[in-house]
Amino acid sequence: MESDRKTYMKVHSSVVLIKAAYRGMLVRKQLRCMHKSATVIQTYYQMHKQRQYFKKLRWSAIAVQQRYRACQIGDVQVRHYNSLRKAMVCIQAFYRKIKARELVEKVKAACHIKSVLMMCITRKHFLMQKAAVVTLQAAYRGYRSRVRYRAM
C-alpha cells in the first residue's frame, strides 16, 4: 500500500504539475491575447486622437485660408471701389465744369441782352429828351427872336 500511495502521490503531483503548466500556458495565452487586444485598442484610440487632432488642424487651416482669401478679395474690392469712386468724382467734376460753363455762357448772354435792352431804352429816353430839348430850344429861340423883333 505504501508503494501505491507513493505512486499515487507521484502521479498526483505530476497531474498537479501538468495542470499547473497547462493553466499557466492558458493564462499566458490569454495574457498574450489581452496584450494584443490592448495594443489594437490603443492603436485605434491613438488613431482616433490623431484623426481628431488632424481634423482640428485642418479646420483651423481652412478657417485661416478662408479668412485670408476673404481679406484678399476685400482688398481687391476696396481698390476696385476706390478706382470707381475716383472715376465717378472725375466724371462729376467734368460734368459740373460743363454745367458751370453753360451757366456762365447763359449769364453772359443774359447780361448782353440786358445791356442791349438797357441801351435801347436809354437811347429812346435820350432821343425823347433830345427831341424835347430841341423843341424847347426852338421855342425859346423863337420867343427870343420875337422879343428882339418887337424890341426893335
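Reader: Before anything else, what counts as a salt bridge here?

Author: Think of two side chains of opposite kinds meeting up: Lys or Arg on one side, Asp or Glu on the other. The side-chain nitrogen of the Lys or Arg has to sit within a set distance of a carboxyl oxygen of the Asp or Glu. That cut-off is 4 Å. Keep in mind that what you're looking at is a predicted model.

Reader: Okay, so which residue does lysine 99 form a salt bridge with?

Author: The closest N and O atoms of the pair are 3.3 Å apart, and the rule asks for within 4 Å. The structure holds 1 salt bridge. The partner of lysine 99 in it is glutamate 102.

Reader: How far apart are lysine 99 and glutamate 102 along helix H1, in helical turns?

Author: Both residues sit in helix H1, 3 residues apart. Lysine 99 is partly exposed, at 39% relative accessible area, and glutamate 102 is partly exposed too, at 33%. Because they are 3 residues apart in that helix, their separation is about one helical turn.

Reader: I see cysteines in there. How many disulfides are counted?

Author: A disulfide is a covalent bond between the sulfur atoms of two cysteines. Take cysteine 111: its closest cysteine sulfur belongs to cysteine 120 and is 16 Å away, so that's too far for a bond. By the rule used, the disulfide count is 0.

Reader: Is cysteine 111 buried, partly exposed or exposed?

Author: Buried would need under 20% relative accessible area, and exposed would need over 50%. Cysteine 111 has 48%, and cysteine 33, at 46%, is partly exposed. So the label for cysteine 111 is partly exposed.

Reader: How far apart in space are valine 89 and glycine 24?

Author: Valine 89 lies in helix H1 and is partly exposed, with 46% relative accessible area. Along the sequence, valine 89 and glycine 24 are 65 residues apart. In space, C-alpha to C-alpha, the gap is 95 Å.

Reader: What separates the C-alpha atoms of alanine 131 and cysteine 120?

Author: Alanine 131 is also found in helix H1, and at 41% relative accessible area it is partly exposed. Alanine 131 and cysteine 120 are 11 residues apart along the chain. Their C-alpha atoms are separated by 16 Å.

Conventions. Residues are numbered from 1 along each chain as its sequence is written. This is a predicted model: local features need pLDDT of at least 70, side-chain atom pairs count only at pLDDT 80 or more; totals for chains, interfaces and linings use all residues. Side-chain values use heavy atoms; hydrogens and water are left out. Helices (H or I, at least four residues) and strands (E, at least two) are DSSP runs, numbered from the N terminus. Buried means under 20% relative accessible area, exposed over 50%, partly exposed in between (1.4 Å probe, protein chains only). A disulfide is a pair of cysteine sulfur atoms within 2.5 Å.
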